[in-house]
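Welcome, and please load the model in your viewer. We will walk through it one selection at a time.

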Amino acid sequence: MLNNVSAGAPNIPELNSGLQLIVEMYRGNASRKKAKTFMALPTLRKIFDEHKRFGSDKWTSYFETYDNHFNRYRDKAITLLEIGIQNGGSLEIWGKYFPKATRILGCDIEEKCRDLTFEDPRIEVFVGDANSPSIYDSLIKDTPSFDIIVDDGSHIVEDIIRSFAMYFPKLKPGGVYVIEDLHTSYWPQWGGGTDLTLSSMGFLKLLADVPNKEFWRDGRPDFNLLEPFAKRYNVDIDDADLNIDEISFSNSVCVIRKGEDGFENRRHITGTEFRVQDCNWLLPLSGTRELVEQLNVSGRRPESTDMQREFVTVLPEVLKNRAELANLREQLAASQHHAENLQQALERKEQALANVESRLSAVYASTSWRMTKPIRAGVALLRGGKR
Ligand SMILES: C[S@@+](CC[C@H](N)C(=O)[O-])C[C@H]1O[C@@H](n2cnc3c(N)ncnc32)[C@H](O)[C@@H]1O
């Protein structure tokens, strides 16, 4: 990553993307011609800052992240999908950033997006909930797979996970899936929470184990690492089906790159002298499968697998109990409040009764009451009552 290369250097996007190319050339990943082409292309930040017409809304940290991950697509006939387009400006910007893109699709639940008209014929907008089967079907009807998918939709935890489960399978091998505005993962209004394990960041942290799955799946009883999320949000997602090559996080954004089909990770050893550690025991191994098999025999720790399984089983129970406890606490607080109100009403009634009783006693004790006693007795006699 360039970030490592340029630590301490001024953060100038043009300079960074230029440096990135020099690094790539040095690594042998970019030809001089290609480097020239890329140097001539403006950075995303530049395009964004100079953009006119429809509005767009991005955070500073996204520009460099996008330049780093999208650079290799800039001269390619790619397809792109953005979930959540709001005013539509980001689609116009993607059109300028990827001049050779063939299809730039946007989806938004907001009805007003129907009125957005674009000069760029590659842009098409679909209005509706990106996670509904009907919108999914229309999105993939003419564009069955994408090189880039950007989720800038509702940012609600459940929607993020549901979209990932639906659309990551539609990413081409080597393609890039981006989730923006992940700060909402810490906010309850978006279904998140700082200490909530089943948040979008919690999901992505588990997903960060997937690029290494060849090292932990072999010889292990079958269980799905993502099962707590599959159950909690009722989505169909299994780590066994996910081929993830890279996950990177920066401020509020996560980039997930799909693995290439048929890629096999091998250990490469060079040099002829091994004075500190003899690596010969690894030389006959052709890939990770053999390495894992060998480690299974010599030093695997089965308890770590048991702990994972325990985690998967227990976590939903813990969350369920926490939710029930919070609910009971709320009910108790409401009942206590009600009991306090009743107690106060009771005390007010007792006071009112004491007041009227004391007024009644005063009447009985008065001289006029005693002097008029014969009259009251006579009236009662006339009415046939008792004295
Ligand atoms: C942050 S804005 C998008 C900004 C835009 N990408 C940009 O860069 O300027 C989020 C958009 O997502 C849309 N949205 C929310 N839930 C959605 C859903 N389930 N499906 C599609 N779009 C959704 C909202 O209507 C809103 O316009």
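Begin with Val125 in S3, the bridge partner of Gly106. Residue numbers start from 1 along each chain as its sequence is written. This is a predicted model, in which local features need pLDDT of at least 70, side-chain atom pairs count only at pLDDT 80 or more, and totals for chains, interfaces and linings use all residues. Helix and strand names follow DSSP runs (helices are H or I with at least four residues, strands are E with at least two), numbered from the N terminus.

**The sheet as a whole**

Now select strands S1 to S7. They form an open sheet in the order S3-S2-S1-S4-S5-S7-S6, with mixed pairing. Strands count as paired if DSSP finds at least two bridges between them. At the edges you will find S3 (123-127) and S6 (244-250), each of which pairs on one side only. From one strand to the next, the twist averages 15 degrees. Angles here run from 0 to 180 degrees between N-to-C directions, with axes as lines fitted to C-alpha atoms, for helices over the stretch in contact.

Staying with the pair you started from, S2 and S3 are parallel and share five bridges. Select Glu82 to see it opposite Gly106 in S2, then Leu81, which faces Leu105 in S2. To get from S1 to S2, the chain passes through helix H6 (residues 89-97), in a right-handed β-α-β crossover. Right-handed means that, with the strands pointing away from the viewer, the path from the first strand over the helix to the second runs clockwise.

How many of the six residues of S2 are buried? Five are, so S2 is largely enclosed by the rest of the structure. A residue is called buried if 20 or more other C-beta atoms lie within 10 Å of its own, exposed if 12 or fewer, and partly exposed in between, with C-beta atoms placed from the backbone.

Next, highlight S4 (residues 146-151) and S5 (residues 171-179), a parallel pair with five bridges. Ile148 stands opposite Val176 in S5. Between these strands the chain runs through helix H8 (residues 157-167), and this β-α-β crossover is right-handed too. S5 also pairs with S7 (residues 253-258), this time antiparallel and over four bridges. There, Val176 stands opposite Arg257 in S7.

**The nonpolar core**

Select Leu80, Trp94, Ile148 and Ile149 together. They have the most contacts inside the largest nonpolar core, which has 56 residues. Such a core is a set of buried Ala, Val, Leu, Ile, Met, Phe, Trp, Tyr and Cys residues joined through C-beta atoms within 7 Å. Its largest share, seven residues, comes from H8. Zoom in on Trp94: leaving aside neighbours within four places in sequence, Trp94 is in contact with Leu80, Glu82, Ala101 and Ile104. Contact means that the C-beta atoms of two residues, placed from the backbone, lie within 7 Å.

Turn to H9 (residues 200-207), where Ser200, Met201, Gly202, Phe203 and Leu207 are buried. Their cover includes H8, helix H11 (227-232), S6 and S7. Lys205 is also in H9, but is partly exposed, with 14 other C-beta atoms within 10 Å. Draw a line from Lys205 to Phe249: they are 44 residues apart in sequence and 9.7 Å apart in space, C-alpha to C-alpha.

For H15 (residues 373-382), the count of buried residues among its ten residues is zero. Just after H15, Gly384 has a positive phi of about 80 degrees.

**Two loop residues**

Most residues other than glycine have a negative phi. Your last stops have positive values. Arg53 has a phi of about 70 degrees and sits in the loop between helix H4 (44-50) and H5. His155, with phi near 70 degrees, is in the loop between S4 and H8.

Which of them is buried and which exposed? Arg53 is exposed, with 12 other C-beta atoms within 10 Å, whereas His155 is buried, with 22.
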